[in-house]
Amino acid sequence: MRIRFSIRFLSLAACTLCMALLSGCATRTLGTPNPNDPLEASNRAVFELNDAVDRAVFKPVAQAYAFAVPQPVRSCIHNIFLNLGDVWSWFNSTLQGRQVDALNTFGRVLLNSTMGLGGCLDLASQTGAKRIPNDFGVTLGVWGLDSGPYLVLPIIGSSTLRDGAGRGVDIYVNQFGYGSLITNIDLRNSLYGLEAVERREALLELTDTIDRTALDRYSFIRDAYLKRRSAQIAGSAAQAEKPPSYEDDAPAPAAEKAPNMAPNK
Amino acid sequence: MKSRICFLSRLLALCLLFGVNHFSHAQSAPDPNAAPNDFVQQVADQVLVALKADASVRAGNTTRVNQLVDDLILPNVNFEKTTRLAAGRYWRQATPEQQAALVKAFRGTLGRAYSGAFTRVDDATNVKVFPLRGDADATDVVVKSQVTQRANTQPIALDYRLEKTSQGWKIYDLNVENIWLIENYRNQFAQQISQNGIDGLIQALNQRAQQ
């Protein structure tokens, strides 16, 4: 039964892959190229592919999960996974030499794991302590490694060359650190599956908003991702950062003048 | 006789409806000349009170959402400035008609963003505005706030950027979890304009509205 299910799943995945590749050919680079995104054309193709897989598999499964499991239970599961992730965040804050962040995260894990019933209740957030999400990509950035070009990875999504390498380390730790603690393979794989579904479910509202408001979802997500990563790397220094300056007093270069400027009447 | 009673009761219902509405609006009209953080708290509270009282807005009823945005949010926002900054240097290349059309089209996008956000409001939703930091005499300030929702979920960081005008404070930009609205739209606007011109951008925004 399980084999038949996985074959069906594979053929579905293969089918969406074909469709996505076909539609990927039709995509083209839009407008002004972004200096952080020299691989935009191929990134867009992978983006389309991920989108097709998401629409066919991940999003419906996440919606079914949201429908079937009551909100308090979902919050609990969400928080337990976040709490496990905080251990890795704490380690990364330490590696980055951000001792205050590390101490805060350590206290948060301690509180949530005990009084918060194994992370189910996020008591630390309720007392006003903000979670400091961290991973090895941020650590590499803090150590001075440049982000390299923006990359859209299959299934994983937004990344950069540096963050992709960091993600490799994150996944390795997740698999062989936490994963090896669970000897029952079925249970372990079920938990990986639950984590994936739960992660997508937590993003449903966000992706709906992007679908509803973005003019170009690709560049919306790319710009938001790069912005967020640089804020994470800047750390608490970003809090004091000045808001962006929008004033553009330089006259528009004639060569870049947009077509169709005259009214169409 | 029957029709007369009917008419009277309808009138009464209308009066009630209007009266209640009038009251709830008059009760907590934000004061744009207050300190910017107090002003933002007043605007947020007013919107939250209206949302909690109206299930149809929370369910995403487009007409009601737009009405609420028009009544309670836009009077406190300099949306022309938001659009102008999002268009960047292309703004001056546009004719006044195009500028007006662009503001109108972008307003539609804003309505859709809000209708999505409003569906998440429940009785536990609360906006906590933090005290103002930095120069007290500044005419361009950032007010930080935190949106808390139902129990045991992560709070959302929401910052507002305000400008002091002759009519008091006006909001013109928003920051959700480190991402500024204008900054993010700037790129998308530039993409569209460099490809299809201002009219193309207006068309694209209006097309999104029909989806």
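Predicted model: local features only at pLDDT ≥ 70, side-chain atom pairs only at ≥ 80, totals over all residues.
Local features here need pLDDT of at least 70 and side-chain atom pairs count only at pLDDT 80 or more, while totals for chains, interfaces and linings use all residues. Residues are numbered from 1 along each chain as its sequence is written, with chains lettered from A in the order in which they are written.

**Stop one: H2(B).** Select residues 36-53 of chain B, an 18-residue helix that reaches 26 Å from its first C-alpha to its last, close to the expected 26 Å (1.5 Å times one less than the number of residues). Helices are DSSP runs of H or I with at least four residues, and strands are E runs of at least two, numbered from the N terminus. Colour the buried residues, among them B:Phe39, B:Val43 and B:Val47 (buried: 20 or more other C-beta atoms within 10 Å of a residue's own, C-beta atoms being placed from the backbone).

**Stop two: H4(B) and H6(B).** Now pick residues 62-73 and 96-118 of chain B: these helices pack at about 105°, axes 10 Å apart. H4(B) and H6(B) are therefore roughly perpendicular (65 to 115 degrees). Show B:Thr62, B:Val65, B:Asn66 and B:Val69, which meet H6(B) residues including B:Leu110 and B:Tyr114 (contact: C-beta atoms, placed from the backbone, within 7 Å).

**Stop three: the side facing chain A.** Bring in chain A: 41 residues of chain B are in contact with 35 of chain A. H6, strand E5 (179-180) and helix H7 (181-210) of chain B each give two or more residues to that side. H7(B) supplies the largest share, 19 residues.

How values were computed. Axes fitted to C-alpha atoms, helices over the stretch in contact; angles between N-to-C directions. Parallel < 35°, antiparallel > 145°, perpendicular 65-115°, else oblique. Contact = placed C-beta atoms within 7 Å. Buried ≥ 20, exposed ≤ 12 C-beta atoms within 10 Å, placed from the backbone.
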